Amino acid sequence: MNHDRAKMLLPAYADRQTGPLRRFLLGRHIARCPSCLAELETMHAMRTAMRINLPMHRAPPSLAMRIGTALPREAPPSIRWRPMRSGMAGSALAGGLAGIALTVAVTQLSPQPDTLIADVVSDHVRSLMADHLTDVATSDRHTVKPWLSDRLDLSPVVKDFAIEGYPLAGGRLDYVKGHRAAAIVYRRDKHVINLFAFVSDDRSELAPRQLALNGFNVVRWRMDGLSYVAVSDVEASQLLAFARLVMGGP
Ligand SMILES: [Zn+2]
């Protein structure tokens, strides 16, 4: 996707109004385009500021009723979801795109197709590009953990795995899918691992699942009522080993 097209689609991207394939292609462009990234950051910041600062007013029941009666009884189901295929059929897909389409399709097959993975990957990329990897930079977990707990209503696992080859580098406040999240930063050789922890709507336990998107590996799981997502460009096996360390396994 070229810059002009990406720039035009940025508002839709920020509002999550794009389909999965377009969202993926946009995400890939944004990760490589400082100008689009900066613009997206501004949009996100403005949205967050509006959410926090603007007063919310509940519509009176009479208005809801008026809207209800004004709407047609049954909306045609076809307008709800447009199949991914329709957008792709007409366009000339280069051979290289087939792999991307497959990645999107595989992600979609998961029982809860969501934008979480794309979200954490772009958070990860942003943390590397924007020179804002850590708010608190230290390998001392006794500093990082309370720093995060004081600012978030959650207490994620924070440990230094330097002996195992994953030294703790610090922590940062971030957002994942609209949830305030702790980003705990680790290093593996010259690579960075962002470990996101947040309270999700689904609190059930979930065994680690590994995915790949845009050249990044992602491992997500849930334990003790928190969702964890580790993202990095280290090899999948190394990221899984890291996830097991965080989970308290061998
Ligand atoms: Zn651009």
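**Figure 1. Valine 246 lies in helix α9.** Here is a predicted model, in which local features need pLDDT of at least 70, side-chain atom pairs count only at pLDDT 80 or more, and totals for chains, interfaces and linings use all residues. Residue numbers start from 1 along each chain as its sequence is written. Helices and strands are DSSP runs, helices being H or I of at least four residues and strands E of at least two, both numbered from the N terminus. Valine 246 counts as buried because 24 other C-beta atoms lie within 10 Å. The cut-offs, with C-beta atoms placed from the backbone, are 20 or more other C-beta atoms within 10 Å for buried, 12 or fewer for exposed, and in between for partly exposed. Once residues up to four places away in sequence are set aside, valine 246 touches Val157, Leu195 and Tyr228; a contact here is a pair of C-beta atoms, placed from the backbone, within 7 Å. Phenylalanine 161 is 85 residues from valine 246 in sequence, yet their C-alpha atoms are 8.8 Å apart in space.

**Figure 2. Six strands build an open sheet.** Follow the order β1-β2-β3-β6-β5-β4, with antiparallel pairing. Strands pair if DSSP finds at least two bridges between them. At the edges are β1 (168-176) and β4 (206-213), each pairing on one side only. On average, neighbouring strands of this sheet are turned by 20 degrees against each other, direction ignored. Helix α9 (residues 236-246) lies across β2, β3 (191-198), β4, β5 and β6, at about 20 degrees to β5. Helix α8 (residues 141-151) lies across β1 and β2 (179-188), at about 15 degrees to β1. For these angles, axes are lines fitted to C-alpha atoms, for helices over the stretch in contact, and values run from 0 to 180 degrees between N-to-C directions.

**Figure 3. β1 and β2 form a hairpin with two residues between the strands.** Eight bridges join β1 and β2 in the antiparallel sense. Look for glycine 171, which sits opposite isoleucine 184 in β2. Lysine 177 in this hairpin has a positive phi near 50 degrees.

**Figure 4. β5 pairs with β4 and with β6.** Six bridges connect β4 and β5 in the antiparallel sense, and alanine 212 faces asparagine 217 of β5. The hairpin of β4 and β5 has two residues between the strands, and asparagine 214 in the turn shows a positive phi of about 60 degrees. Strand β5 (residues 216-223) pairs with strand β6 (residues 226-232) over seven antiparallel bridges. Arginine 222 is opposite serine 227 in β6, while methionine 223 has leucine 226 as its bridge partner. Two residues also separate the strands in the hairpin of β5 and β6, where aspartate 224 adopts a positive phi near 50 degrees.

Figure 5. Leaving out neighbours within four places in sequence, phenylalanine 196 contacts Val120, Asp174, Val176, Ala181, Ala183, Tyr228 and Val229.

**Figure 6. Helix α7 is largely enclosed by the rest of the structure.** The buried residues are Leu116, Ile117, Ala118, Asp119, Val120, Val121, Ser122, Asp123, His124 and Val125. α7 (residues 116-129) reaches 20 Å from its first C-alpha to its last, close to the 20 Å expected at 1.5 Å a residue; the expected span is 1.5 Å times one less than the number of residues.

**Figure 7. Helices α1 and α2 pack at an angle of about 115 degrees.** The axes of α1 (residues 3-14) and α2 (residues 20-32) are 11 Å apart. Ala6, Leu9 and Tyr13 of α1 make the contact with Arg22, Arg23, Leu26, His29 and Ile30 of α2.

How values were computed. Contact = placed C-beta atoms within 7 Å.
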